[in-house]
Amino acid sequence: MSGVYRYDGSFSGLLTVMARLLPQRTVPDAIGIDPPQQQSLFCEAIDVATDERLVEQFWPELIARLTPGCLHRIRQVFLADYPERELLICRYLLLAWEKGRGVAGMLAHPQVAPLWKLAQQVGHEAHRYLGFVRFQEVNGGFYYSAIAPDHRILPLIASHFAARFSDQQWVIHDQNHGEGIVYDLRQRHWLLLPMERHAKPDLTPDEEHFQQLWRSYFTTLAIDERQNLRLQQGKVPLKVRPWLVEFG
Amino acid sequence: MAVATEMMDKLKILAEGAKYDVSCSSSGSFRRNKDGIGNAASCGICHTWTSDGRCVSLLKVLMTNSCIFDCAYCVNRRSNDVQRVLLTPAEVAELTIGFYRRNYIEGLFLSTGVVRSPDYTMELLIEAVRTLREQYRFNGYIHLKLVPGADPLLVQQAGLLADRVSVNLELPTREGLALLAPDKSRDAVIGPMRQVNSLITINRAERKESRKVARFAPAGQSTQLIVGATKETDRQIVTLSEQLYQRMELKRVYYSAFIPVVADTRLPALPNSPLRREHRLYQADWLLRYYGFSAQELLDEERPNLETDLDPKTGWALRHLELFPVEINGADYEVLLRIPGIGVRSAQRIVRARRQGHLSMDDLAKLGVVLKRARYFITARGRYAGECAIDSTLLRSRLLETPAKKGAAQLELPFSRPQASDEAISLISGEL
């Protein structure tokens, strides 16, 4: 049964849609938080309300049919900023229902390769941001970082920073997607919260000192005889530089 | 504010002195954060890249640039007239934590000039690291340089506090070392290296008995060679590296193309392409560590140097065309690894994907395998896509066609500023 499916944008919401669709063995025209208007001219959008009980039933089946690695890929693709991400997941799951755990290795299959590639992009970006986050010490006793990643990588990097900076309060703010992670020092856990797109932190005097030190250190490190700006730009794209102290 | 600028000056001078140490990795350690700050990521994380394209993951700094040694290639040598400064252990620790909290760095790389005696210097380094580990409860990555000639007890302490330790060989041969670094002896370098290796082996055995035993240098040890300052061939260098990997179980050997930072009559004139040579040596090094090649296969007495215009794996393949083409659906993993253009990731993906069915050329492209070079050396489902006969000279010219342009541009970069290199050459060759 083809059609256009609308859900609330949560992972449980998407799993609810999948739990409904998979038994029918068809790929819909579109799945989205707000599917394109034009398609609804020809077929009506079907709203799928998130059903936690259905998800609970569906989850064990999902784990049984997929390897942990594949499940992780699906999560990565879910966090991708890509219009057809839900369809990619849907096509992939259909194949998994048909072929079983073997899909884990069918890397060249047309229903697998695009998902794999997108997941890899998200994974790479998440890894890069383990390094590209720059905290600033803010009055009020916490560390603030603004980033603007292409994909919604915050849930993928949160636990890394929570383990590493467990003795300081910190916030990582994704200005592209209007959300952020807040780490609570007392409870020792992090939360993903919606945040305003712009914020101007009030920096401590110490902060300015360390930023200057870092900038001067960074400039000193370069060996002039080996200058290779093209290589540098490949590694640190221009779009991330506004958020990096050393390029400020 | 005066304190701030003083710190700025010191950091500049001491970073300047440490930047020629090329070791940059922050990988291989599993140290976990226990109620303090920081942990070590086993995959290593680069935090930024400098304008020469090298990654920055560690605060790489000298404790002091004063030195009682007089090595010809070194900026900090005794006879060089530069400003001498010193960071106290407390200052090193404070700086590291300040940078780390802001996520500028993945950890600390601490090296130093030798002051007073090797033991005294080593004690300074150890105190800085101990402050970090004990006072700040820092569990991030620390790479500590061992001072040649330091007491074995100090070497042991260093390994218990750091994630990786290293002592630089600097020059590939004993003769080279005697010529350019008369105060350093080969034995003073090899001694600690051998000690660290045996301590790591003992520690590994002890940890099998009890997990409570503290790790000793969990990320192993590395070393560095300066290439091109003396007359060693690539064969000598690659063979030395192979021995270091096999006998000393080193994690990494770094190669640093010699760039004259100080003029000295003992130093050679600048060779044509030191960076290209450095690049080829790294490629050969990778083949030793991850691709199952031996030094003997890559270089022999008749060809003691790596080719500049072809990577070492392609060069090897062209000398062994009787082994090609390889059928991608049947070959063992070890054989796949020997195909030019196919790396560890591609080989793993091929092995994984072909369990689900025979792969065609198109499938390979979908897996992300780059076929630019590989297609001349493989068949997929029996089909060959190289569009030319497998013939050594023919293939060589084809493989050289594309990369030549890009490589040349990249190579010229460092020397496209005539004032810098010409000056250096005339300075040195004039005296020679």
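Glu125(A) counts as buried, because its relative accessibility of 5% falls under 20%. The model is predicted.

**Surroundings of Glu125(A)**
- Beyond its neighbours within four places in sequence, Glu125(A) is in contact with Pro149(A), Asp150(A), His151(A) and Ile153(A).
- One of these residues, Asp150(A), is 25 residues from Glu125(A) in sequence, and their C-alpha atoms are 8.0 Å apart in space.

**Aromatic pairs**
- Over all chains, the structure holds 24 aromatic pairs.
- Phe135(A) and Phe161(A) have ring centres 5.9 Å apart and planes at 85°, so this pair is edge-to-face.
- The pair links distant parts of the chain, its members being 26 residues apart: Phe135(A) lies in the loop between helix H6 (113–132) and strand S4 (136–138) of chain A, while Phe161(A) belongs to helix H7 (residues 154–164) of chain A.
- Phe135(A) is buried, with a relative accessible area of 0%, and Phe161(A) is likewise buried, with a value of 0%.

**Aromatic cluster**
- One aromatic cluster is formed by Phe135(A), Phe161(A), Phe165(A), Trp170(A), Tyr183(A), Tyr100(B) and Phe138(B).

**Charges over rings**
- In chain A, the charged end of Arg85(A) sits over the ring of Phe78(A), at 5.8 Å from its centre.
- In chain B, Arg289(B) lies over the face of Trp286(B), 4.5 Å from the ring centre.

How values were computed:
Residues numbered from 1 in each chain as written. Chains lettered and ligands numbered in written order. Predicted model: local features only at pLDDT ≥ 70, side-chain atom pairs only at ≥ 80, totals over all residues. Heavy atoms only, no water. Phe/Tyr/Trp six-rings, centres within 6.5 Å; stacked < 30°, edge-to-face > 60°. Helix = DSSP H or I, 4+ residues; strand = E, 2+ residues; numbered from the N terminus. Buried < 20%, exposed > 50% of the residue type's maximum accessible area, 1.4 Å probe, protein only. Lys NZ or Arg CZ within 6 Å of the ring centre and 35° of its normal. Contact = heavy atoms within 4.5 Å.
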